[in-house]
Every structure is written in C-alpha cells, then in structure tokens.
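Subject: Structure handover

Hello,

Here is the structure for you to take over. Please open it first, then read the notes below it.

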Amino acid sequence: MAGRLSWGLGDQAVSSMTNFVVGIYVARELGVTAFGIFSLAWVTYGVMLNVSRGLATDPLMVRFSGVDAAAWRPAVARSSSTALAVGAAAGLVSVLSGIVAGGSVGPAFIALGVILPALLLQDSWRFAFFASGEGRKAFVNDLLWGVAMIPAMVLADLHGSVVAFLLAWGGAAAVAALYGYRQTGLRPGVAGVRRWLHDQRDLGPRYLVENVSNSGGSQIRMYGLGAIAGVAAVGTVRGGELLLGPFLAVLMGLAFVAVPEAARVVRRNVRRLTTFCLVLGGSQALGALLWGGALLVLLNDRLGEWVLGDVWHTAQAMIIPATLSVFNASLIGGAASGLRALGAAKRSMRCQLIASALYVVGGLSGAAIGGAVGSGWGVACATFAGAFVWWSQLHVAVREYVPEEARTP
C-alpha cells in the first residue's frame with residue numbers, strides 16, 4: 001500500500017505542480033482580467049473532466065482495481081474509449097458555445113473545445129494505471145506532459161493570449177495521451193463505448209450526477225461571481241486557489257489511490273474502513289492547516305508579487321477562507337473514498353448533491369455580500385456543513401454493507 005500511495009502522490013505532484021506552474025505563469029503574463037477568462041475555461045474543463053470520470057473511469061476504479069490483466073485490459077479499452085467520446089462531444093459543444101458567445105470569452109472556449117479530447121483521454125490512462133496498481137506508469141505519463149509543456153508555453157508566450165496558452169496546455173496533453181497508447185498497447189475505439197455504458201449503468205449515471213454536481217457547483221459559483229462582482233473577481237478567487245496548489249497536489253494524489261486502497265480494505269475487513277477513511281481525511285486536513293499557516297507566515301508582498309504578479313494584491317485575502325475550505329474538503333475526501341469503495345453510489349450521489357447545493361448557495365450569497373472574499377468565506381462555511389453530511393452517510397453505509405457475493409443469487 002505504501003508503494004502504491006507513494007506513486008500516487010508522485011504522479012499527482014507532477015500533474016498538479018504542472019497545472020500550478022501554468023496557472024502562475026498565465027496569471028503573471030496576462031493580468032487579473034485575462035486570467036479570469038482563462039479560469040472560466042479551466043473550471044469548464046473541470047466539469048467535462050468529471051463527466052468523463054463519472055461515466056468512464058470511476059466505475060473502472062471501483063470494479064477493476066487489483067484484478068488480473070485478462071479482465072483489466074478489455075475494461076480499460078472500453079473506459080478509455082468512453083473518455084475519448086465524452087471529450088469529442090464536449091469539445092464540439094464548447095466550440096459552438098464559443099462561436100455564439102464571441103467577444104473576449106468566445107475564442108477561449110473554442111480553444112478549449114479543440115483540446116478537450118486529448119485532455120480527457122490522457123486522464124483516463126492515469127486512472128487505468130492506478131486501478132492496476134501501476135502508479136509508476138501514470139507518473140511517467142504525467143512527467144512527459146510536463147516536459148512537453150515547456151516548449152509549448154514558450155511558444156504561447158510569444159503570442160501572449162489566452163487562446164495560445166490553452167492550446168499549449170492541451171497540445172502537451174495530446175503528446176502524453178499518445179504515449180499512453182504506447183504504454184498500454186490499447187487503442188480506444190467507438191465500438192467499446194456502448195458496451196461500457198451498458199455494463200456500468202448501475203454506477204456510471206450516479207457517478208456522473210455526483211461528479212457534475214461537484215464541478216458544476218464550482219462552475220456556477222465562478223460564473224455567478226463573474227456576473228456579480230466582475231471577471232477580475234474570478235481571477236482573484238483562482239489566484240487564492242493557486243496558493244494552495246502544491247498542497248492540493250498531495251490531496252488529489254491521495255484521492256487517486258484512495259478508492260482502490262479503500263476497496264482492498266473492504267474486501268479484507270469492512271469494519272476497518274471507517275478507521276482508514278478517518279486517518280486518510282484527518283491527515284490531509286491537518287496538512288491543509290499547516291500549509292495555510294505557512295502561507296500566512298512566509299508570504300510577504302514582495303514574494304507574493306513574484307509568484308502571482310498583480311493578482312497577488314487581491315488574492316492574498318483569500319488565503320484563510322481557502323485554507324478552511326481545503327481543510328473541510330480533506331475531511332469530505334476521506335468519507336467519499338469510503339462510499340466509493342463500498343459501491344454506495346446512491347448515498348454518495350445524495351451527499352454530493354447536497355454538498356454542491358450548499359457550495360453554490362454559500363459561494364454566491366457570499367459574493368453578493370462581500371465580492372470575491374465574501375464568496376470564499378461562504379464556501380468555507382458550506383464545505384464545513386457538507387463534511388457532516390458525507391460522514392453521516394458513510395457511517396450508515398458501513399453498517400448496511402452486504403458483500404457482493406452475498407447479493408448474487
């Protein structure tokens with residue numbers, strides 16, 4: 001387990017640090033308003049990513065973690081095909097939306113539509129490797145993405161636009177996605193999509209709703225914040241999130257491997273699941289507080305301006321509420337991993353819908369009261385309430401758990 005967790009952390013460190021550096025670079029080069037436009041495209045990508053994960057890779061992680069290669073290979077071929085299909089469909093919608101929107105925002109969504117298939121396919125390979133316990137391959141794939149992004153970003157900087165940076169980011173992902181095909185020897189195809197969706201019809205739709213409500217809540221908050229307080233406020237919130245970026249790399253890295261490991265705990269002894277989830281969520285929450293405290297102590301105006309440029313002057317007020325939000329999200333992550341491992345899709349979907357509703361209400365009501373900072377505090381309160389919802393449902397799900405073999409007639 002320690003080895004698999006280490007590769008998960010290493011992979012997510014590469015992936016998240018790459019995204020962190022991209023965000024910092026774009027913020028410094030484009031300023032708060034253009035960075036706000038970039039952030040709108042970013043959160044939209046997050047929604048599409050979660051659609052792909054709900055339909056394609058979350059069921060893979062639950063049902064094909066730790067299985068033999070004979071079962072893993074066809075499952076991965078079908079799940080990656082589904083991810084690619086989602087990317088193509090979402091990309092078309094994004095391009096059309098960008099054409100209709102026009103103005104300064106439209107070109108960014110056209111560029112996002114072009115790169116979505118590569119981004120979602122690359123992400124599906126990562127899940128496949130973690131399901132098989134081969135986190136090292138996911139690490140190599142993400143490392144290649146990061147290396148390919150260096151010359152791509154240099155070229156994008158010559159153009160100096162949001163579109164150029166988006167295309168550079170997605171172009172590097174395409175390189176990693178092609179390498180994933182070489183690593184697995186599996187080629188995605190349309191034929192596997194229908195069968196995968198049919199076979200996972202009991203999990204996929206529920207995970208889809210759960211994931212989209214999660215990322216969709218973030219998207220609604222950002223769009224609403226932009227409408228209430230302006231696009232620059234979106235850049236402020238995103239800047240605050242970037243300051244938590246290195247710690248979020250750890251958080252997301254553990255999330256990638258937490259579900260497979262929790263599934264293994266369930267197979268051995270379901271009574272140990274709650275303890276596993278408490279240790280997982282609690283350790284991450286403590287880490288969030290330590291990271292936020294370090295930011296408050298170490299970041300002064302000179303260093304903050306070096307990191308975020310002009311975005312720093314407004315983003316520094318987001319450190320405390322953003323830290324508290326990540327603290328609560330860490331606790332939620334522990335419970336969510338347990339519910340996923342139990343296959344309690346109905347309960348996890350219910351939790352996510354409630355938590356997302358709280359998130360949107362807290363974020364937008366806070367924005368109406370106090371702009372970007374008010375939105376941050378509203379989200380901190382909402383995630384605190386959401387943590388209680390998730391843990392109460394995990395407690396009930398563990399008591400009600402019936403092994404799959406016992407459910408089979």
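**Salt bridges**

Arg126 and Asp123 form a salt bridge, with their closest N and O atoms 3.5 Å apart. (A salt bridge here is a side-chain nitrogen of Lys or Arg within 4 Å of a carboxyl oxygen of Asp or Glu.) The model is predicted, so local features need pLDDT of at least 70 and side-chain atom pairs count only at pLDDT 80 or more, while totals for chains, interfaces and linings use all residues. Residues are numbered from 1 along each chain as its sequence is written, and side-chain values use heavy atoms, with hydrogens and water left out.

Arg126 and Asp123 are three residues apart in helix α3, so about one helical turn separates them. (Helices are DSSP runs of H or I with at least four residues, strands are runs of E with at least two, and both are numbered from the N terminus.) Arg126 is buried, and Asp123 is buried too. (Buried means under 20% relative accessible area, exposed means over 50%, and partly exposed is in between, with a 1.4 Å probe and protein chains only.)

Asp123 has another partner. Arg53 forms a salt bridge with Asp123, and the closest N and O atoms are 2.8 Å apart. This pair links distant parts of the chain: Arg53 sits in helix α1 and Asp123 in helix α3 (residues 106–131), 70 residues apart. Arg53 is buried as well, like Asp123. A network of salt bridges links Arg53, Asp123, Arg126 and Asp142.

Next, look at Asp58 and Arg340. Their side chains meet in a salt bridge at 3.1 Å, N to O. Asp58 lies in helix α1 and Arg340 in helix α13 (residues 319–342), so the pair ties together parts 282 residues apart in sequence. Asp58 and Arg340 are both buried. The search of the whole structure finds six salt bridges.

**Aromatic pairs**

Rings of Phe, Tyr and Trp (its six-membered ring) pair if their centres lie within 6.5 Å; planes under 30 degrees apart count as stacked, over 60 as edge-to-face and the rest as tilted. The count by this rule is six aromatic pairs. In one of them, the ring centres of Phe38 and Trp42 are 5.7 Å apart and the planes are at 45°, so the pair is tilted. Phe38 and Trp42 are four residues apart in helix α1 (residues 2–63), which puts about one helical turn between them. Both Phe38 and Trp42 are buried.

Phe384 and Phe388 form an edge-to-face pair, 5.3 Å centre to centre with 80° between the planes. Both lie in helix α14 (residues 345–400), four residues apart, about one turn of the helix. Phe384 is partly exposed, at 48% relative accessible area. Phe388 is exposed, at 57%.

Ring pairs also join Phe38, Trp42, Tyr45 and Trp169 into a cluster.

**Nonpolar cores**

A nonpolar core is a set of buried Ala, Val, Leu, Ile, Met, Phe, Trp, Tyr and Cys residues joined through side-chain atoms within 4.5 Å. The largest one has 68 residues, and those with the most contacts inside it include Phe38, Tyr45, Trp169 and Leu308. Helix α1 gives the most to this core, with 20 residues. Another core lies apart from it, with 25 residues, including Ala262, Ile332, Ala341 and Ala344.

What does Leu166 touch, not counting residues up to four places away in sequence? Its contacts (heavy atoms within 4.5 Å) are Phe38, Ala41, Ala108, Ala111 and Ile115.

**Two single residues**

Asn328 is in helix α13. At 4% relative accessibility, Asn328 is buried. Leaving aside neighbours within four places in sequence, Asn328 is in contact with Ala380, Thr383, Phe384 and Ala387.

Val311 lies in the loop between α11 (301–308) and α12 (312–315). Val311 is buried too, at 0% relative accessibility. Val311 and Trp125 are 186 residues apart in sequence and 34 Å apart in space, C-alpha to C-alpha.

That is the handover. Best wishes.
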